[in-house]
Amino acid sequence: MKVDAAIINGLIFNSFTKKFEKKNVSIVGDKFYYITADEFENLEADAVIDASNQYIVPGLMDIHMHIESSMTSPSIFSEAALTRGVTTVVADAHEIGNVFGMEGLEAFFSQPSVMDIFFAIPSSVPSTVPELETTGGYIGVEEVKQLLKHPKVIALGEAMNFNGIVNDPDSLIRQILRAVQTERPFMPLEGHIPRVSGLELAKFLYAGLTADHTHQSPESIYEKITSGMFLEFQKKSITPENIRVIVENNFYEYMAIITDDVMADDLLEGHLDANVRLAISCGMPAEQAIYCASYTPARRMGFQDRGAVVSGFKADFLLLDDVKSFDIAAVYKDGKVVHKRGNDIRYPDQKPNFPAHFYQSIQCRPLTPEDLRIKVKASDMAKVNVISISEVGTFTEHVQREVGIVDGYLDWENSGLALIIVMERYGKTGDIAYGFVENALVEKGAVATTWAHDHHNVMVMGTSAADILAAQKKLVELQGGYVVTHAGKVQAVCPLPVCGIMSDAPIQELGAQLKEVRQAMIALGYRNTNEIMSFSTLSLPVSPVIKITDKGMMNVRSQMMIPLVEGE
């Protein structure tokens, strides 16, 4: 019999024994055909790959991620992530959904890609309710029912509205969950369940949410898995103490390694492969790490055709020179080589194609000096509510501080705090909200973005009025992106002109621009394990504890608004 390709002398990862076995593999079309320890007889191959001293593992599968977090299009992302061994993703496109709703999703879904990109329905557009944040798009029950018919949709994206899930059976998110459970009763339902335990965790499970990808601790891992929840481990949850819980309790069947969000500059250094290496370095056996980045994610999403090197499965695989270091020599998709070590990331053959109005989406007036003068009733000192950021992760704390008053206005430029402003950008309300941030910028400067989770309004944070004005002006001129200013001058920019959240530039160019933004933020004193994500999630009203939208600061758990100045 004639086959398209034969791979000989390699050590193949058996996903069911979790061991490597010396075998030969044949491929017909885009699938594995015959796998045997014997030499091939009566098989004629068009191509023969000698994998001596190499390991053959399934292509990596990332089942919880957001392509827009890499600030690029599906086609550009595909070429970049393939070089990191990722052959299948399940993407929750709630970022573009928040900007352009169904029109944005349809445009996103239609982009071509070499890797297989499936989608989870954005369940949280907006992430809370329209009264708490203004978005450009809206995904309600009828839109969800329409998306359920799309052939690329295989899951419900992360349900994030804590209050709506736990306390309000008639909330939009509960209506969406019921609609999906009725129309597609066996569809995986993804949750966003940070710092939730006990009765509240039971309420999430009772609503049908069976997976969580948020920041875990040893205690949360044990409670959630033993309560029946599947856990998806992104970078910040892959720690020695967390991996120890997995290893000691043999929890491999109930977890997968994922990325969630990978910034464009980080994507140039690694993607899911980097998290596999991290898990191994934290104590997970290499074979189990491979299993949890290929087979368990496939099973979680209900795939019947990928995740292992077996007859009849998609011929998506990697050749590794070393297992523990996860040193990728080559990547194969559908039986064909798509990347070899040392080759540059390709730009897609066809430039991403989005509607023209996606490039003119920032409908926001320029800030004025008067906007930054905050009048108060007190005469000496004012007690203000403050978002306190940490150096690790995206969680914040609510604190109160004293700010001086000069001529009836807050003297915030000399307070040691940063002023943060969120401006509605869709031309709907023109709302502007104010807040203060602690542990942000040390030097005089500002950071501005339209990549503000998840509503993507204009967000500017700074320690001087001149820098805030300069940053916001440049951001609007760019029609979105990131801007950093110092002493009233622009220090770094990363243009994101597609919907204010994406670029169609080569990923190398985009990554270099974002790295410059990151370095400029660090020069201003910003300290976090991921400066970009920390800043961008200050506007995410479903991530504990206190965040800000165009409607104001709020307690994430109670969804109660918090005044800028206490007592006014």
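1. Helix α10 contributes the most to the lining of the largest pocket, giving 3 residues. This is a predicted model. The volume of that largest pocket is about 900 Å³. Its lining counts 41 residues, and Gln234, Lys235, Lys236, Asp261 and Asn530 are the closest to the centre. Elements giving two or more residues to the lining are α2 (94-109), α10 (272-281) and α15 (531-536). By class, the lining splits into 19 polar, 11 charged and 11 nonpolar residues.

2. "Amidohydrolase-related" is placed by UniProt on residues 55-338. That stretch is 37% helix and 20% strand, with its end C-alpha atoms 17 Å apart. "Adenine deaminase C-terminal" is listed by UniProt for residues 394-559. Here the chain is 22% helix and 34% strand, and the end C-alpha atoms are 18 Å apart.

3. Check the cis peptide bonds. One runs from His453 to Asp454, with omega near -25°. Asp454 sits in the loop between β22 (445-449) and β23 (458-462). Another cis bond joins Pro544 and Val545, with omega about 5°. Val545 belongs to the loop between α15 and β26 (546-549).

4. Positive phi values also deserve a look. Asp334, not a glycine, has a phi of about 55°. Asp334 lies in the loop linking β15 (327-333) and β16 (336-340). Ala487, also a residue other than glycine, has a positive phi near 55°. Ala487 is in the loop between β24 (481-486) and β25 (489-495).

5. Is Ala487 buried or exposed? Ala487 counts as exposed because its relative accessible area is 58%, and the cut-off for exposed is over 50%.

Technical notes: Residues are numbered from 1 along each chain as its sequence is written. This is a predicted model: local features need pLDDT of at least 70, side-chain atom pairs count only at pLDDT 80 or more; totals for chains, interfaces and linings use all residues. Side-chain values use heavy atoms; hydrogens and water are left out. On a 1 Å grid over the protein atoms alone, a cavity is a set of points where a 1.4 Å probe fits but cannot get out, and a pocket is an open set with protein on both sides within 12 Å along at least five of seven lines; lining residues have an atom within 4 Å of a point. Grid points are joined across faces, edges and corners, and a volume is the space filled by probe spheres set on the points. Helices (H or I, at least four residues) and strands (E, at least two) are DSSP runs, numbered from the N terminus. Ala, Val, Leu, Ile, Met, Phe, Trp, Tyr, Cys and Pro count as nonpolar, Asp, Glu, Lys and Arg as charged, and the others, Gly among them, as polar. UniProt positions are given in the numbering used here, feature names are shortened, and annotations may be inferred rather than shown by experiment. Buried means under 20% relative accessible area, exposed over 50%, partly exposed in between (1.4 Å probe, protein chains only).
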